[in-house]
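Subject: Structure handover

Hello,

Here is the structure for your files. My notes on it follow.

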Amino acid sequence: KEKGEAPEHTVGKYTIGTQNDPLGIRVKPQADAQRDGEVPKGEEVEVLTVCGEWGYVNYGDKSGWLSFEYLK
């Protein structure tokens, strides 16, 4: 990696790190995609697939994309 390059996102376990609200599960890996559920702040999820700044998860009976911006 070059100095200053952002670290790549990887599959694995993450915690929802939003300020207050739950994090919306998106049907596509993009911010303007339809929401198909949400994950409460502080919940742990496992990212199964990575697409750029998005991670694909299963949460309860929902599956979809979460932004790595809010995964800690």
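The lining of the largest pocket divides into six nonpolar, four polar and three charged residues. Here Ala, Val, Leu, Ile, Met, Phe, Trp, Tyr, Cys and Pro count as nonpolar, Asp, Glu, Lys and Arg as charged, and the others, Gly among them, as polar. The pocket has a volume of about 190 Å³. P22, L23, G24, R26 and Y70 are the closest to its centre among the 13 lining residues. β2 and β6 (62–67) are the elements that give two or more residues to this lining. β2 has the largest share, three residues.

The pocket cut-offs: on a 1 Å grid over the protein atoms alone, a pocket is an open set of points where a 1.4 Å probe fits, with protein on both sides within 12 Å along at least five of seven lines; lining residues have an atom within 4 Å of a point. Volume is the space filled by probe spheres set on the points, which are joined across faces, edges and corners. Strands are DSSP runs (E, at least two residues), numbered from the N terminus.

A caution on the source: this is a predicted model, where local features need pLDDT of at least 70, side-chain atom pairs count only at pLDDT 80 or more, and totals for chains, interfaces and linings use all residues. Residues are numbered from 1 along each chain as its sequence is written, and side-chain values use heavy atoms, with hydrogens and water left out.

Beyond four places in sequence, V39 touches I16, P22, L23, I25, V45, Y59 and L66 (contact: heavy atoms within 4.5 Å).

There are two aromatic pairs (Phe, Tyr or Trp rings, six-membered for Trp, with centres within 6.5 Å; planes under 30 degrees apart are stacked, over 60 edge-to-face, the rest tilted). Y14 and F68 are edge-to-face, 5.3 Å centre to centre, with 70° between the planes. Y14 lies in strand β1 (residues 12–15) and F68 in the segment after β6, 54 residues apart. Y14 is buried at 14% relative accessible area, and F68 is buried at 6%. Buried means under 20%, exposed over 50%, partly exposed in between (1.4 Å probe, protein chains only). Y56 and W65 have ring centres 5.1 Å apart and planes at 70°, so this pair is edge-to-face.

Regards

Key: Helices (H or I, at least four residues) and strands (E, at least two) are DSSP runs, numbered from the N terminus.
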